[in-house]
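Student: I am new to this structure and would like a close look at a single part of it, the surroundings of the ligands. Please take me through them slowly.

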Amino acid sequence: MRVMVTGGAGFIGSALVRHLVGTVGADVLNIDKLTYAGNLASLSSVENAANYRFLRADICDRAAMQEAFASFRPEIVMHLAAESHVDRSISGAGDFIQTNIVGTFSLLDAARGYWDGLEAEAKSAFRFLHVSTDEVYGSLGDDGLFEEVTAYDPSSPYSASKAASDHLAIAWHRTYGLPVVVSNCSNNYGPFHFPEKLIPLMILNALEGKPLPVYGNGANIRDWLYVEDHARALFTIASRGRPGEKYNVGGRNERRNIEVVERICAILDSVFPGKEAHSRLITNVTDRPGHDARYAIDATKLETELGWKAEENFDSGIEKTVRWYLDNEWWWRPLRDNVYSGERLGTFKGR
Ligand code: NAD
Ligand code: DAU
């Protein structure tokens with residue numbers, strides 16, 4: 001099985017590529033531009049595998065995408081390449097519009113051109129999985145869950161750009177018949193997570209005795225999914241999902257941000273003890289503009305229709321994650337020193 005993955009040098013993409021190459025045994029072409037968030041070190045365990053190859057390219061480059069389709073001849077496309085960090089989208093939305101919207105258009109159209117030329121059997125077996133987020137649904141109150149039919153109501157430039165790309169993907173199915181499937185997942189965490197996102201940032205700041213900046217009062221809720229569970233879900237949806245359908249992905253692990261940070265501190269107190277508790281570093285800072293209050297996923301459709309279930313719960317997953325960062329300084333130290341050292345992002349004058 002030939003699988004084209006975009007964004008395979010990122011956090012979720014690299015977990016997916018490791019799963020496809022190591023466990024599924026698929027032939028994988030990983031296409032990635034290697035932005036600040038792309039890191040080939042996350043793929044060192046598969047880089048020499050016979051069933052893995054890498055192409056450094058921008059998904060906005062239509063000619064490069066057409067050439068990749070023509071030479072690799074994928075049976076499945078799994079599209080993860082994106083600008084993914086909400087705070088960066090608040091500081092500057094240009095790259096988000098370009099990659100998430102224009103890039104998705106470029107890839108969909110290159111896929112359509114290739115798919116149009118396939119024989120009937122290959123044409124009906126072909127799948128294009130567009131990987132998206134639960135943030136397109138906006139913010140929940142105290143009750144309720146995001147379902148596949150929940151109306152889109154994005155709050156940030158990031159989630160608005162992902163919502164636009166979801167609409168493009170579905171339109172390419174409805175209009176041109178391209179066998180597109182869309183997945184909308186909750187917050188991921190786990191190994192190889194770029195240390196701009198809440199969990200890795202808190203772990204590394206705590207290890208270095210730096211403040212742990214909690215936005216607002218820390219009461220915002222996210223629904224956490226271990227990244228390897230997401231990788232399995234993505235392959236399940238890409239290989240068995242029904243064209244034109246959306247599938248929500250989530251692990252039923254809602255936590256308030258402050259609970260997440262306190263849990264990280266408690267784990268570090270036991271595996272990396274200092275003179276004082278790590279929780280002394282928790283610092284409330286000004287809130288994120290447009291900060292969504294609560295995300296929570298109803299994954300019933302994926303669980304009942306395709307038989308996927310999350311294997312990791314938050315308590316075991318967060319402990320594994322903290323230990324992974326303690327054991328893998330070789331991976332994160334160059335990022336902290338040379339790419340992003342943890343300064344506040346996503347604020348602007350007047351907010
Ligand atoms: P990431 O930021 O870690 O990785 C993104 C990857 O895309 C990087 O390797 C980057 O180099 C690459 N990329 C960016 N622009 C590109 C371009 N123009 N051409 C080619 N490659 C490009 O992101 P992630 O957290 O792994 O997220 C992957 C996907 O999953 C995204 O589409 C994101 O919206 C979605 N998603 C993320 C989460 C989450 O919690 N992280 C949850 C749900 C959905
Ligand atoms: O829900 C899925 C989304 O989850 C994905 O689509 C995004 O790509 C991914 O980045 C993530 O978005 P969030 O904005 O929820 O993740 P982040 O790690 O940036 O923030 C998680 C929560 O923690 C959020 O409520 C903001 C808060 N936060 C974040 C940082 C970086 C803090 O309180 N302090 C921080 O320093």
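Student: How many residues surround ligand 1, and which are the closest?

Tutor: Before the answer, a word on the source: this is a predicted model, in which local features need pLDDT of at least 70, side-chain atom pairs count only at pLDDT 80 or more, and totals for chains, interfaces and linings use all residues. Residues are numbered from 1 along each chain as its sequence is written, chains are lettered from A and ligands numbered from 1 in the order in which they are written, and side-chain values use heavy atoms, with hydrogens and water left out.

Ligand 1 is surrounded by 29 residues, and the closest are Ile12, Asp32, Ser84, Tyr158 and Lys162; a residue is near a molecule if one of its heavy atoms lies within 4 Å of it. Sorted by class, this shell has 13 nonpolar, 12 polar and four charged residues, where Ala, Val, Leu, Ile, Met, Phe, Trp, Tyr, Cys and Pro count as nonpolar, Asp, Glu, Lys and Arg as charged, and the others, Gly among them, as polar.

A polar backbone atom of Ile12 lies 2.7 Å from an oxygen atom of ligand 1, while a polar backbone atom of Lys33 is 3.0 Å from a nitrogen atom of the ligand, and one of Leu34 is 3.4 Å from an oxygen atom of ligand 1. On its own, ligand 1 has 840 Å² of accessible area, and the protein covers 97% of that area, as computed by the Shrake-Rupley method with a 1.4 Å probe. The elements giving two or more residues to the shell around ligand 1 are α1 (11–24), β5 (127–133) and α6 (157–176), helices (H or I, at least four residues) and strands (E, at least two) being DSSP runs numbered from the N terminus.

Turning to ligand 2, there are 25 residues around it, of which Thr133, Asp134, Tyr158, Arg288 and His291 come nearest. An N or O atom in the side chain of Tyr158 is 2.6 Å from an oxygen atom of ligand 2, and a polar side-chain atom of Thr133 is 2.7 Å from an oxygen atom of ligand 2. The protein covers 94% of the 690 Å² of accessible area that ligand 2 has on its own. Its shell divides into 10 nonpolar, eight polar and seven charged residues, and α3 (86–91), α7 (198–207) and β8 (212–215) each supply at least two residues of it.

Conventions. Polar contact = N/O pair within 3.5 Å; in protein donor to acceptor, adjacent residues only side chain to side chain.
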